[in-house]
Amino acid sequence: MLLKTLLIASLLGWAKCQESQSMTLEEKTVIRDQIIEMFDHAYGSYMKYAYPADELMPLSCRGRVRGQEPNRGDIDDSLGKFSLTLIDTLDTLVVLNKLDEFEDAVKKTVTDVRLDNDVVVSVFETNIRVLGGLLGAHVMADLLQQRGERMQWYRDELLHMAKELGHRLLPAFNTTSGLPYPKVNLRYGVLNPLSRTGTESDTCTACAGTMILEFAALSRLSGESVFEEHARKALDVLWQRRQRGSNLVGTVINIHNEEWVRRESGVGAGIDSYYEYLMKAYILLGDNVFLERFNVHYSAIMKYISQPPLLLNVHMHNPTVSVRSWMDSLLAFFPGLQVLRGDLKPAIETHEMLYQVTKQHKFLPEAFTTEFRVHWGQHLLRPEFAESTYYLYKATGDPYYLRVGQSIVEKLNAYARVPCGFAAVQDVRTGTHEDRMDSFFLAEMFKYLYLLFSEKSQLPIDIDDYIFTTEAHLLPVSLSTTQPPCQGNATEAVPVAQEEDLFTHSCPSMETLFPNNPSFAKTIRDNYKYLTGVGRAFHPSPVREIELPLHDNGMEPVEFLKSMGISLTPLNEVMVGDTGSRKEHRGVYRVKLVAEVSHTSEEEEVVPHVVQLISPPFLGRTVLTAGPAKFGMDLTKQEHGVKGSIVKASPYSACGPIDNAVELKGHIALALRGDCMFAIKARRLQETGAIGIIFIDHREGSNSEDTPLFQMVGDGDSTEDLTLPLVFLFSQEGAVLTAALEENHNVDVLLLPKERQLGHDKTDKPVGMNIKLRLAEEGELEDGAARGHTLEFVLEKQGVFLKEEEKEEPQQRQFCTKAAEKDRTEARSADSSQTTNSNSAPDAKP
Ligand code: DMJ
């Protein structure tokens, strides 16, 4: 174990050391060549096994043709039988200097691709991947032709195709609001009886708000203003419908009445590229109105959503409350957008957090919790993290970001490469593959990675002359000056009150932001390098000095690491500058350390527990889902759980000496999470004679529905001395308990595994089922006669109630009432595992 630990630590140390090194030109060339080889493998596989299909299925080594494979639902709406991957890859071929292949691919596109298929496609996906792909390729083809070297045969065919596709998408905008339908039939439009679409009433904010770059470019290149007009109108509606108090937008909107359907607001899935397109529309079109809108939204995002390094989701009307405790991988583009705005510090912070997550899980999982555990383990080879890495490198020139890029390249090769291309990862925890390679892998991932490792002079185009669409297609920033807006295509700026900051009107230089600090990016990153507990610095010298930063929350560094599940095991402790006693400075810890990763395993099953309120007026009906602890009493082994009345600890954090020890004795203590380790709190409270502890999360708004339960871990030292039961409640559940305590003098609770909660029917039988019990008449059992009194028990969630079906003798009714009452009393007293369900219906015999 020790050897293994040392090996891991050495590797981590080596990796860390590598990260801080600059990268030679030779090394960059090697990586660039590696990227080219990988691209050839991916694109070559698509062309060999899949073309003209829309996508490659890299495990089956064949193309994905819609209708011929099992329907995957909405994901398939990207597939329009128009050789999606080919079109999405065209301008990547130019960036990667594969000009012969580009010319060949353009010819194939022009001759083979049809855009009038009877297929229902996503308006958003078709716009960003196909229309954007055609436009980017047209711009490249035009450029190469003008240089006089190639493409001399080209007669704007791609632009004509783009125009045709634009017209095929336009029926989607036929709504009274101007917000587009989410889907369109390429041949029949939307409301045509043959279209098989048009019944949808909602669309996502990003879906409606990510048209302007492609549609404006199309208008300006074709001279037809209609496209830009529609895209502007949709943006106007989203802007008008922003929540005026918070200046945030929701995730889903009704395209007919413009009401918000989903009011949660973040910068990831469902909204992401709406913000991106406001900023980039300003850059592409030079129209101030987009910058003004972006700035208003950006202030709101930084006020409510960005909690560096995290990006949260909040309710647009009540933005101080976060609505979930996980982040999705799409938000990884956001640091790149922040770079465009010049706001580098939060960009560096969030990017560093994302990097730590990729170190822990190899790739960014589709969703991960604010504690960096996997929430949804899929990884679709998404490019957003590479995109932000590229922007940060461009902005800082810090070779650290080249090392980050290198790690992306290595992981793709190691964990996603398969004989017929690259395969998405079904679950980052198991590394299993999925039979898909989405077109954005070729459109975006390879572009950003290749650009990251290329000098400007090595590229066939001047990359700074272009803006990347959300699918990384290249549109020339010259469009605003060489192609003025078509008539009527200017959005009137309505002045909005803006909180001005350094970035409102300009993109400040590094010198302004971080004067005299060339290593500012590292300084910022260093605060986050132990975030997930992976990648801790290690220098394999026998004695060394590690400086651990004091965590934001004031925890001692070693404790902070322990709270992350990282144990620092002192070997022969070495004191520096002080003999005899162990010397600790705040923020500096000198000792020979070996990291032992003791993370709670992702796969380890967390047995859900509950806190059940059993005293009146709750009577067992209020049951709060709780997490268990890895130490203390094992409640799964306590047949009847642990019962007691609750008392709040004072101080509530239980980190200092306990003031109300007398009150706590014999009761279950409530203590707030945070400030010190669970085990420290538990020891203090155990000393008071408390019989159990309920820890309550200190993070506002957390709840067990949105956050996976976890097991509290000890402090790395032995916790054998802790014998009392400990459970953990998220803050929303905790609030129910504290409110109950405020309203009632006495609140008795039962701590136990969920499956043993009172009234819980393990078989999950439908509630309200009627069970009829009939008293047998004398002799009936022998002759099978079916006469006599019938009692009917109607089972409800919280108890058994009795109802008469036939007329009963008064004496009989009296008994039944007593039986039901006896049952309720038992539920109240709750000192046994007897349950009030059909399995334990009271004996009906007098
Ligand atoms: C791409 O298709 C685009 O970047 C889009 O905006 C969202 N993300 C996917 C790739 O992850």
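**Confidence**

I started with the scores of this predicted model. The protein averages a pLDDT of 81, and 75% of the residues score at least 70.

**Ligand site**

Next I turned to the ligand. I found that the space taken by the ligand is the second largest pocket. Around the ligand I listed Ile128, Leu330, Arg382, Pro383, Glu384, Phe440, Glu444, Thr470 and Glu471. Sorted by class, this shell has four charged residues, four nonpolar and one polar.

Which side chains place an N or O atom by a ligand oxygen? I looked up the distances. For Thr470, a side-chain N or O atom is 2.7 Å from an oxygen atom of the ligand. For Glu384, a polar side-chain atom lies 2.7 Å from a ligand oxygen atom. For Glu444, the distance between a side-chain N or O atom and an oxygen atom of the ligand is 3.0 Å.

**Burial**

Taken alone, the ligand exposes 290 Å², and the protein buries 93% of that.

Definitions and conventions: Residues are numbered from 1 along each chain as its sequence is written. This is a predicted model: local features need pLDDT of at least 70, side-chain atom pairs count only at pLDDT 80 or more; totals for chains, interfaces and linings use all residues. Side-chain values use heavy atoms; hydrogens and water are left out. A residue is near a molecule or strand if one of its heavy atoms lies within 4 Å of it. A polar contact is a pair of N or O atoms within 3.5 Å; within protein, one must be able to donate a hydrogen and the other to accept it, and residues adjacent in sequence count only if both atoms are side-chain atoms. Accessible areas come from the Shrake-Rupley method with a 1.4 Å probe; for residues, only the protein chains shown count as cover. On a 1 Å grid over the protein atoms alone, a cavity is a set of points where a 1.4 Å probe fits but cannot get out, and a pocket is an open set with protein on both sides within 12 Å along at least five of seven lines; lining residues have an atom within 4 Å of a point. A molecule sits in a cavity or pocket if more than half of its atoms lie within 2 Å of its grid points. Ala, Val, Leu, Ile, Met, Phe, Trp, Tyr, Cys and Pro count as nonpolar, Asp, Glu, Lys and Arg as charged, and the others, Gly among them, as polar. pLDDT is the predictor's confidence in each residue, from 0 to 100.
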